[in-house]
Amino acid sequence: MATESMDRELSLKISSTGIMLSLLSFLCLFSVWTKTTGASDPNLPFMDYLDQNHLVCLKWGYDNLQGNITLKLIVNTTGWVSFGFSPNGGMKGSDIVIGGVGSSGTYFSDRHATGNTMPVVDEQQSYTLLSLNETDGQTIMTVKRTIQACDDKDFHITTQAIKVIYAYGLTDEIAYHAARRGTKELNLLNFMPRTTITSLKYINATVENITIPAKSTYYHCKVMKFPPLHTKHHIYQIEPVIEHADLVHHMLLYHCPPFVMEPYDKPCYMGDIGDHCFRVVAAWGVGGGVFELPEYAGIPIGGADLNDQFFRLEIHYNNPNSDENRTDSSGLRLHYTAELRQNDVGILHTGVMISHRTPYNIPPRAAQFHTYGVCNTSLFSQLVNPVPDLHVFAVMLHTHLAGRKVRVAHYRDGKQIDFLALDENFNFEIQQGICLGAVKTIKPGDEIAVECTYSTIDRTKVTTMGLATTDEMCLAFLLYYPAIPISTCVSHPNTSSSDRLSIVPPTSDPDDIAAQEMFLKSVKQMQLVSDDDVNFAFSGDGIVREMMKTPTVTCQNNSASKVGTSWILNPAGIVLLLLWIATM
């Protein structure tokens, strides 16, 4: 990339990065691992107890929302165990698996319930038994199935809450379970448990009785210093303080570099020094609630390095009717602890860089139009040394109103190895973090590509990348540990030497639209990386690599005899099983 082009992009970086980071809303919440259920497994990062006595534990993980889910049931018994999914918490319509380790070996079966009768064996055994064993007084059953149901007798797992039912016995004779049963509602694909706050230590970052202008979109920023914390602490929970839910769209709290030394309370992005505050510390988005980090990670605050620095609270107000004389005192409450977690959390901002001098135009009348932003992590070493493996546990994806899909691809040695995130049905009104089904590791030198799909079929004018809701963005924020002082890794197609961007197809001709998309994808990418102190690394040689098709469901017809999975029942056991079912 030419030096002149580099200098031009550098002059735009301060305002562009601040604008792009203003859309982050995140959080993935996890339950606490306990010694009774074994060490944490990165392939099964989610866990919850199904009963109040912590005798029945369910762990799970998944590769992506179109793939498989693995579930491990751990029960404090040496008898039979069972769990399933129910439409209402009862037996009728439930998708159930039952298994155990008997004197003749293991037994396992995939079944469904038509009522308070014995569950019927599914013609298609959709669950694969991965392991079934007894150890230290526990029966542990691990199964795998597709997230999307392939069998009409199986329960479809979605991003909504699902009722999980369980029961177990004290022996391998299938018998009446008595009180050893229950139901718990869980969101398996976006697990967000709530825990009781035991510490009263918190910091309020709020605005105070500010006046909201009579316009549809308004960003307000308050630069402030927090009460001193002389030693390092961890933020473990973020609580929104919302005065007017109809006005507040999202809130961001940024950590400022050392040269930001004066407070202010005014509109955002007016050329003030606080626009240099890039690193996100906490966030909330419309529709969200209390946010909690996993117990092994926290957001660092306080200590010698952070104690004397400022923070910027940014609030996006959505006032579509341009109401007058509205005031607000909203913000964020940060719950913190001196008991440090194992890892510091960092947030990496990736996607398409906004550049006002070389706009990224999306043509009108396009049924589908793809944009791309790339990040080559080999650039990190110019600002940080050494660069560790980064373990990603959650993401937040963002486009505006025209966005329909977002995919985040992961490359190693020039080849795609995975998707870090997929959302084939993006909804602008749902601004929330997405928990990954398994922790994914980005190694030094790996590449990341963010692909956004837009539909402008109902628009007659060009759509540009920008801050307004009618503009567009293509962003992915990766939550990872351990934190490094890198805040941004974005790109923009290098179109400075071409007038192609001004030749936007005026019609809905698919060939013209496809040509515009291919042009923006094929030119070299200007890549930019910035750290917490607003230092930069550049490259003009970025490329958009080919991205694999989104994984689709592959249904398998698993025989119940696999892995020694024969169903063991004697006549007395069948009678007792019917009694058990009748009381579910």
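**Loops, cores and cavities of the chain**

Me: Between which two strands is the loop that holds Pro-386?
Reply: In this predicted model, the peptide bond that leads from Asn-385 into Pro-386 is cis, with omega near 0°. The loop that holds Pro-386 has a strand on either side, and these are β27 (369–376) and β28 (390–398).

Me: Is Ser-322 buried, partly exposed or exposed?
Reply: Ser-322 lies in the loop between β21 (310–318) and β22 (326–328). Its phi is positive, about 55°, although Ser-322 is not a glycine. Buried requires under 20% relative accessible area and exposed requires over 50%. Because its relative accessibility is 30%, Ser-322 counts as partly exposed.

Me: Is Asn-325 buried or exposed?
Reply: Asn-325 is found in the loop between β21 and β22, and has a positive phi of about 60° without being a glycine. The relative accessibility of Asn-325 is 74%, so this residue counts as exposed.

Me: Which residues does Ser-455 touch, leaving aside residues up to four places away in sequence?
Reply: Ser-455 lies in the loop between β32 (447–454) and β33 (463–464). Because its relative accessible area is 11%, Ser-455 is buried. Pro-364 is 91 residues away along the chain, yet the C-alpha atoms of Ser-455 and Pro-364 are separated by 8.5 Å. The residues that Ser-455 touches are Ala-366, Ala-367, Ala-402 and Arg-404.

Me: What percentage of the residues in the protein chain is buried?
Reply: The chain has three helices and 37 strands. Its accessible surface comes to about 23,500 Å², with 50% of it belonging to carbon and sulfur atoms. Of the 584 residues, the buried share is 58%.

Me: Which residues does Phe-226 touch, not counting those up to four places away in sequence?
Reply: In soluble globular proteins, nonpolar side chains tend to be buried together. The largest nonpolar core here has 99 residues, and Phe-226 is one of those that touch the most other members, as are Leu-253 and Tyr-317. The residues touched by Phe-226 are Ile-203, Ala-205, Leu-253, Ile-301, Phe-311 and Leu-334.

Me: How many residues does the second, separate core have?
Reply: The largest nonpolar core includes Phe-380, Phe-393 and Leu-478 among the residues that touch the most other members. A second core is separate and includes Leu-71, Val-75, Val-81 and Tyr-166; its residue count is 30.

Me: Which strand supplies the largest share of the lining of the largest cavity?
Reply: The largest cavity has a volume of about 130 Å³. Its lining has 13 residues, and those closest to its centre are Asn-64, Leu-65, Ala-421, Leu-422 and Leu-436. β30 (415–423) and β31 (434–442) each supply at least two lining residues. The largest share, five residues, comes from β31.

Me: How many residues of the lining of the largest cavity are nonpolar?
Reply: The model has five cavities of 30 Å³ or more. In the lining of the largest cavity, two residues are polar and two are charged, while the number of nonpolar residues is nine.

Technical notes. Residues numbered from 1 in each chain as written. Predicted model: local features only at pLDDT ≥ 70, side-chain atom pairs only at ≥ 80, totals over all residues. Heavy atoms only, no water. 1 Å grid on protein atoms, 1.4 Å probe; cavity = no way out; pocket = protein on both sides within 12 Å on 5 of 7 lines; lining within 4 Å. Points joined across faces, edges and corners; volume = space filled by probe spheres on them. Helix = DSSP H or I, 4+ residues; strand = E, 2+ residues; numbered from the N terminus. Nonpolar A, V, L, I, M, F, W, Y, C, P; charged D, E, K, R; others polar. Buried < 20%, exposed > 50% of the residue type's maximum accessible area, 1.4 Å probe, protein only. Areas by Shrake-Rupley, 256 points an atom, 1.4 Å probe, with all protein chains shown as cover. Core = buried A, V, L, I, M, F, W, Y, C linked by side-chain atoms within 4.5 Å. Contact = heavy atoms within 4.5 Å.
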